[in-house]
Amino acid sequence: MPMDSTSGFDAYRLWLDIHTTVRPLNAYHLLDVIPFESNIRLIESSFEQKRAMLDSHREGAPPQIWQHVSDELEKAISTLLDPVKKTTYDDNLRREQGGLAPSLPEHKPIGAAPWTIPGKTPTASGGDSVSCPGCGVSVGASVKFCTQCGTNLWAPCCKCDTMCPAGETFCGSCGANLQQVLEEAAIRATEALREAQEYRKSFEFGPAVKLLTEVSRMSHPELAATVETANSTIRDIAAERDTHLLRSTDICADARQILCENEYEEAVAVLGDIPEPLRSEEAANMLVEANGCLEEMSELTRELRAAVKEKRTNDLPPIVERLLELKPDQPQTLSVATQLKSRFYKSSFAAIKRHEYSQAKELLDMIPTAVIDDRVTKLQRLADELSWLNFDVRGAPVADRQLLGIADRFCKLSPTDKKAAAIREQVAQRVRKFETNGRHSPIPWASPPKSTPLGPPVDWASEMQNIALSDKVDRARWAKHPGRYFVACGLALRGLGRARMMLNLVPEGRGGMREKAMKLLRKRPVQSAWGIDIGSSAVKAVKLAPGKDPLSAVVLAERIIEYGKPLSQTANDDEGDSQIKEALRSLISMDDFGADRICVGVSSRSTHHFVLELPNVASDRIPNAIRYELPHRVHLPIGKLAWDHFVLRTPGEDAAADAKWEVLLVVAKKDLMNRSLDIFDRVGLKVDHIQSDSLATYNMLFHEQIAWNDLDKESGGAVAAVDVGDECTNIVIASPDCARFYNSGIGGRTFTRALVTGLSIGTSEAEEMKRNPTAAKCAMNKIDELWAPIYEELAKEIEKACSSFRGAAGSPPLRRIVGFGGGFQLHGLFRFLRLGK
């Protein structure tokens, strides 16, 4: 490719100044040095010159041809600077030349030729000739060998590598005694060969090759035999090294298998066959592992004998467990393990009879894994479930139907346990009392702890103080879903005009002239309002009417209409919209909406909540300040957004000039809000207001929770509400003049997926198990084990939100955490947030 016979283009001649017509060029031709040149410095110098020449022609050169020549140069220098590669290359080159003497380049090489003295012409016989030390004939100074007797006329100085005429005593370049430095070089070479053999015997091939390489670079003719010995030894070492490396690879594979079989002594013996200098990192690590296991087994065996002798039975299980992990088939250890199994099995069985379930579980857990059989496994499952049931019926925060079902299972598994029967009866009494006295929320059971892992007390917000139930409401149905109506109630408060935050995300201009006419008619006092919470598993609706005083309201109707399947399981948005419309039609068929106001909730995942600090401007200029700020918060044109705001904190009349307004800004995509409104339009419902479910939660907190705890401006406290929905969890932290909103991806379906995966069951069965865990075919504690990691993650999310709130400047202290929503009814969640287990 670098040559074109038709055009006469020759890249080697034009770019590298190579005039030889031999093709293809070998590595020596490319670098313009004599074949088999051993002077490394000369080779490197020639390469640098050729590299510079080639680089000077890069601009404007055909890219493919230039790159081809560049690659050839790099390959040439790589070969000639590697002793092993060079030796092999030279051997091949000699065979190709049929054993002929190396030919010289056809022109004077770049720089000084290796057989001339730069800047000086030899004058041993005068003029441009030298005298042959062999026969005395005068020959030309450019000739390397005598033309009469073949004697070498030039030899390099062994100190500076300058070529000197044969027979001279001192080097004309460095002044060294040529014979003396030659003898010293010969001694160094001999010693290097000897040391290299010593290294070779101990398999230290790297240092050996390094020494031999230095010898192979010696260029004096009288050292040619020594150089050849060095090159030959390098080739032998390379072959020997490759053989050992291949063998080491096979040994490592065998050792891995032997270690898997726990045969540590054999593994040590096999790995010991690899000479230490040749051991790979993997081989060294396996050898350390095998020796470590042998040492650990020896120490554990001594501890086992001492524990048996001193009858320290409780110290034996961890020793035996580890010994059997290291050596599963060790007879003596297996014998001890079998004895332990027999003893602990009998003791645990007796503990269960005594109703000491935790002790039975601990004893069974001490049985070494290697000797556990079906009988032990069956008793372990019983002890595990009884221990969990005993803990749960005593530590559950509320007495409800789920706890009663768990107490029933406890009595069934342990029919002779009188304490379990007594607890079951107490739970049953409280459940009956709850169902007959008209309470809105379950009756407390276990006393709350003085402190919780989250810090503030944790409660279940299922009871309402300022919202009463009318006689038209089915109290039993209301009590069946404690806390699930909270968002709907908050939305209805907005419809009544009694919400703390009267924000509205209905896009401006929605509905045209007809809608404007409806708004004029609706200016009369509100008699009642509906809050409709569009959840991911059901539509929840509450109708409120004003109470006797400004802080009170009355529930006139409540509805929960479940979808055919959760929205998260629908194939697409259209199918989800159809589910919602079907539920709304069912709602319309049950109630007459008439002139009632309607406030609809949308998921907080469809909205953004920002707390802004705005300059101390006039209050009527706040909307303009928000319009300026919006593009910096949301990367959409303002015309595509639906937004509203609420002033959380004013600068005050006497505030300094640098005081700030603190404003809550809620933003949503206008097309998403219109899409929600379209669904209601299609079923004949006209929506007055849209709020996010988080805003509705805040309004409900302000109306109920804050009043419960007297967390007003004087006490300076805040409440955190945790709304566990199907798709996500909203965390709202509120006080009279503070609101912060957080979101977690953990929701009810996270728990469903855990059951589906962990128990290999269908989604429908998992959903039923969530609602009624006592109907599960598996042990009750198994469900708790599958949910425990989710509990932990949710607790971390709540703690993260609380920490973020506490870290904000001017935030009031967090006094209380309350949970609500359908997900908070999951048995075990409330207990975990209180107790951390």
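Visitor: Which residues is Thr333 in contact with, leaving aside its neighbours within four places in sequence?

Guide: Thr333 touches Val320, Leu323 and Leu324, where contact means heavy atoms within 4.5 Å. The model is a predicted one, in which local features need pLDDT of at least 70 and side-chain atom pairs count only at pLDDT 80 or more, while totals for chains, interfaces and linings use all residues. Residues are numbered from 1 along each chain as its sequence is written, and side-chain values use heavy atoms, with hydrogens and water left out.

Visitor: Why is Thr333 called buried?

Guide: A residue is buried under 20% relative accessible area, exposed over 50% and partly exposed in between, with a 1.4 Å probe and protein chains only. Thr333 has a relative accessibility of 3%, so it counts as buried. Its place is in helix α12; helices (H or I, at least four residues) and strands (E, at least two) are DSSP runs numbered from the N terminus.

Visitor: Which residues of helix α11 are buried, and what covers them?

Guide: In α11, residues 316–326, the buried residues are Leu316, Pro317, Ile319, Val320, Leu323, Leu324 and Leu326. Their cover includes α9 (264–271), α10 (281–309) and α12 (331–353). Val320, Leu323 and Leu324, which are in contact with Thr333, are among the buried residues of α11.

Visitor: Why does Ala284 count as partly exposed?

Guide: Its relative accessibility is 31%, so Ala284 falls in the partly exposed class. Ala284 belongs to helix α10. The C-alpha atoms of Ala284 and Leu271 are separated by 8.3 Å, with the two residues 13 apart along the chain.

Visitor: How do you know that the buried residues of helix α21 line one face?

Guide: The residues concerned are Ile622, Ala625, Ile626, Glu629 and Leu630. Seen down the axis of α21, they fall within an arc of 150°, so they line one face of the helix; the arc is that of the directions from the helix axis to the C-beta atoms. The cover over these residues includes β15 (607–614), β16 (641–649) and β17 (661–669).

Visitor: What span does α21 have, and what span is expected?

Guide: Helix α21 (residues 622–633) has 12 residues and reaches 16 Å from its first C-alpha to its last, close to the 16 Å expected at 1.5 Å a residue. The expected span is 1.5 Å times one less than the number of residues.

Visitor: Why is Leu677 called buried?

Guide: Its relative accessible area is 4%, so Leu677 is buried. Leu677 is in helix α22 (residues 670–682). Its C-alpha is 8.8 Å from that of Ile690, which is 13 residues away in sequence.

Visitor: How many cavities does the structure hold, and what lines the largest?

Guide: The search finds 7 cavities of 30 Å³ or more. A cavity is a set of points on a 1 Å grid over the protein atoms alone where a 1.4 Å probe fits but cannot get out, and lining residues have an atom within 4 Å of a point. The largest cavity holds about 120 Å³ of space. It has 14 lining residues, of which Pro397, Val398, His827, Gly828 and Phe830 lie nearest its centre. Helix α27 (residues 829–835) gives the most to this lining, with 3 residues.

Terms used
On a 1 Å grid over the protein atoms alone, a cavity is a set of points where a 1.4 Å probe fits but cannot get out, and a pocket is an open set with protein on both sides within 12 Å along at least five of seven lines; lining residues have an atom within 4 Å of a point. Grid points are joined across faces, edges and corners, and a volume is the space filled by probe spheres set on the points.
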